[in-house]
Amino acid sequence: MQKMTIHPGLIIKSYLTQGQISSSFAAQKMGMHASQFCDILNGKRDLNSRVALLLEQEFGYSARELMHLQAEYDLEKERNLLTKQGLLP
């Protein structure tokens, strides 16, 4: 049975919603295009260290924890792929 961890973008989206911060405002504060940031929030683009650090600076989220979530997501995604290919049990 495959399991999939949650993409960090969904966690960030939840944080922003709880703080009543719009994604376009957050993107603007970080100097990003809103569409690029929305791709992260929707799991279509991976979180990188630059964005994690900017989120920490602007909104107080832990960059280390966000990057840990991304690493866990990447590992689980790859594990599922290798299992599907028969390369892992």
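**Figure 1. Arg45 and Asp39 form a salt bridge.** In this predicted model, the closest N and O atoms of Arg45 and Asp39 lie 3.7 Å apart. How accessible are the two partners, Arg45 and Asp39? Arg45 is partly exposed, with a relative accessible area of 37%, and Asp39 is partly exposed too, at 25%. This pair is one of three salt bridges found in a search of the whole structure.

**Figure 2. A salt bridge joins Glu58 and Lys29.** Here we turn to a pair that links distant parts of the chain. The closest N and O atoms of Glu58 and Lys29 are 3.3 Å apart. Where do the two residues sit in the chain? Glu58 belongs to helix 4 (residues 49-59), while Lys29 belongs to helix 2 (residues 23-30), and the two are 29 residues apart. Glu58 has a relative accessible area of 29%, so it counts as partly exposed. Lys29 is likewise partly exposed, at 40% relative accessibility.

**Figure 3. Within helix 5, Glu76 pairs with Arg79.** Take a look along helix 5 (residues 63-84), which holds both Glu76 and Arg79. Because they are three residues apart in this helix, about one helical turn separates them. Their salt bridge has its closest N and O atoms 3.8 Å apart. Is Glu76 buried or exposed? Glu76 is buried, as its relative accessible area is 10%, below the 20% cut-off for buried residues.

Methods: Residues numbered from 1 in each chain as written. Predicted model: local features only at pLDDT ≥ 70, side-chain atom pairs only at ≥ 80, totals over all residues. Heavy atoms only, no water. Salt bridge = Lys/Arg side-chain N within 4 Å of Asp/Glu carboxyl O. Helix = DSSP H or I, 4+ residues; strand = E, 2+ residues; numbered from the N terminus. Buried < 20%, exposed > 50% of the residue type's maximum accessible area, 1.4 Å probe, protein only.
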